[in-house]
Amino acid sequence: IRCWSNIPFITVPLSRAHGKSFAHRSELKHAKRIVVKLGSAVVTRGDECGLALGRLASIVEQVSMLQNQGREMMIVTSGAVAFGKQRLRHEILLSQSVRQALHSGQSQLKDMAIPVLEARACAAAGQSGLMALYEAMFTQYSICAAQILVTNLDFHDEQKRRNLNGTLHELLRMNIVPIINTNDAVVPPPEPNSDLQGVNVISVKDNDSLAARLAVEMKTDLLIVLSDVEGLFDSPPGSDDAKLIDIFYPGDQQSVTFGTKSRVGMGGMEAKVKAALWALQGGTSVVIANGTHPKISGHVITDIVEGKKVGTFFSEVKPAGPTVEQQAEMARAGGRTLAALQPEQRAEIIYRLADLLTDQREEILLANKKDLEEAENKGRLALPLLKRLSLSTSKLNSLAIGLRQIAASSQDSVGRVIRRTRIAKDLELEQVTVPIGVLLVIFESRPDCLPQVSALAIASGNGLLLKGGKEAAHSNQILHRLTQEALSIHGVRDAVQLVNTREEVEDLCRLDKLIDLIIPRGSSQLVRNIQKAAKGIPVMGHSEGICHVYVDTDASVEKVTRIIRDSKCEYPAACNALETLLIHRDLLRTPLFDQIIDMLRVEQVKIHAGPKFASYLTFSPSEVKSLRTEYGDLECCIEVVDSVQEAVEHIHKYGSSHTDVIITENEKTAEFFLQHVDSACVFWNASTRFSDGYRFGLGAEVGISTSRIHARGPVGIEGLLTTKWLLRGDNHVVSDFSEHGSMKYLHESLPLPQRNAS
């Protein structure tokens, strides 16, 4: 048996039964045996006298949840000293008050000094109470807990070490949660830092080293170290440039500056890192995270086990490429360089990308064929999604045409002056367009989205992070390579980044310091998930595309079936496809109504009857479950309304503010509909499918927005710009404009500079 060192009592085998540590966070959900180490700062109150009961209860709840999932949980806890200090202080105050009353005969207590309490005595007084508290909490979840107190000497003696190992295994076998702590009542005072001199030697001086030692001894899959900081930073937390390290690799400690230890407890962050690296080499994965933050402490343990980006994850496997944080920083730097280029240079990049889409057509289609074959073999994509995944020569030609439109229309997008004001003599204000910053676009199944969005980001001078679905991995890779090739002609290759790591979408949505706007392109469920997960980052888009077509009494027979067929059948999976058809009551049982129904049947559209429509029929189609349904397939709902006003009310109640249409020859009715329907796109006698950036002449779109601020409807270049104010003065100060000052505000509007004629 190979040993960790030449010291006889350390005999942990190098080849562990559970194999190597996990390489990626996403694998942590497979952890079976888990040690949770609770630091003193997590368990104790801010006054260091007594326990943080709320946090402790939350931790017990999470551990119980994981235990009941069939995992084997162990807790290494601090807190005995703090709990004992609280008890002893109470006893001392009580005894002092009694003596004072006996000696002085006065009932009024004077100020009493409390002596310094010795830590070992506090631990002796607090151990039983701490364990009783744990037992009471775990009992609420029908889980039994057992206490084990250890010292460094227990690991020196081979027999004791075997006994400890056997006891822990037996407790885990009986589904009992072991609660382990150093026996602080008898532990000797801490010596100089003689332990952790190398990853092969570790002694038990604090609960960090104890947790690491136990994790390796027990062949644990995961060690979670909870402290009072978010994780490991590249410099002391609180300093200006401190950044949280997402993944820490052996050898990286030379680039890290350690600060002071936590407010209580024996171990600082340096001790935690050394213990974590020792455990990592022993085959145990480690995460150091914050167990005190009120917003995350209630789910920090379960989040870590689910693989979410919480704290610092220790891994022996370095990824081949940059981290997503590094990619976001590269995109921001590249975007700023891109925005500083001349408009003609940005247009050249887009023209080059359009040429590459046609020149490299065969290579693109070959990669796309691989994606389609893999998706079909795995059978994981529905037919509408397979259609979205598929690329063709005609699609690539249309993409190239759209990109050239974007290039031609982007000449004066960035830096365009939209307002000029003379504030006072020689003091002029300008409002100019500027890029938003770094965009995160998350898209499903549609590789053609990548060059479209990239072109819009390039035209608007934005840095771009792209996260595509794995079903389009081969297509996305080559399209991104061609995008970077086009960007390289002006040295801004890094402005567009494709996220290829195992980054979860929810984790990307938390990068609020790196990303300025999230644009989801995909199913309504994807959009809802992103809107829910986004932490402090605005989301542009729509969660649903419940589009209506209202057929008025004055509708043209020739136009009705043609518009309805195109709206529903041309591409039923699109977000701008018809989902609810509203029919004026007077059209029921007319030849026009029969033509509509016959056309839908010929096109194999499944009809669902709304409540009012069903009431008019003896034998009706299946009644709709909800009038707020986006079918995304050859299905639609038909409902009856009594007037255009009722149609508008129905749309406002059940629609999604996406695209709604009226078919009528009555101009007055049409104008009422156009003015009163509060949706992003409202059409008269035109298919819902016109709601598209390319068809609007925007070249392409990053999506369709139904939000009320910034951009609405198909979002092209203009929707990816914001503004900044430029003030040019000459020794102007506000005090000159006071009541007795020498200057007066003019606030005169000035003419705008002439826009580029092209």
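Which residue forms a salt bridge with R162? In this predicted model, the partner is E158, and the closest N and O atoms of the two are 3.3 Å apart. R162 and E158 are four residues apart in helix α6 (residues 158-173), so about one helical turn separates them. R162 is partly exposed, with a relative accessible area of 46%, and E158 is partly exposed as well, at 26%.

Side chains of opposite charge can pair when their charged atoms come close. The count of salt bridges here comes to 38. Another of them links D246 with K309, where the closest N and O atoms are 3.7 Å apart. D246 lies in the loop between β5 (222-227) and β6 (247-248), while K309 lies in the loop between α9 (300-305) and β8 (312-314), so this pair ties together parts that are 63 residues apart in sequence. Both D246 and K309 are buried. E428 and R422 also meet in a salt bridge, at 3.7 Å from N to O. Salt bridges that share partners join D303, E306, K308, E506, D507 and R510 into one network.

The buried residues of α12 are I364, A367, N368, D371, L372 and A375. Seen down the helix axis, they fall within an arc of 145 degrees, so they line one face of α12. Among the elements that cover them are α11 (343-359), α13 (383-389), α14 (393-409) and α16 (473-487). On the other side of α12, E362, L366, E376 and N377 are exposed. After α12 comes G379, which has a positive phi, near 60 degrees.

Technical notes:
Residues numbered from 1 in each chain as written. Predicted model: local features only at pLDDT ≥ 70, side-chain atom pairs only at ≥ 80, totals over all residues. Heavy atoms only, no water. Buried < 20%, exposed > 50% of the residue type's maximum accessible area, 1.4 Å probe, protein only. Helix = DSSP H or I, 4+ residues; strand = E, 2+ residues; numbered from the N terminus. Arc of directions from axis to C-beta. Contact = heavy atoms within 4.5 Å. Salt bridge = Lys/Arg side-chain N within 4 Å of Asp/Glu carboxyl O.
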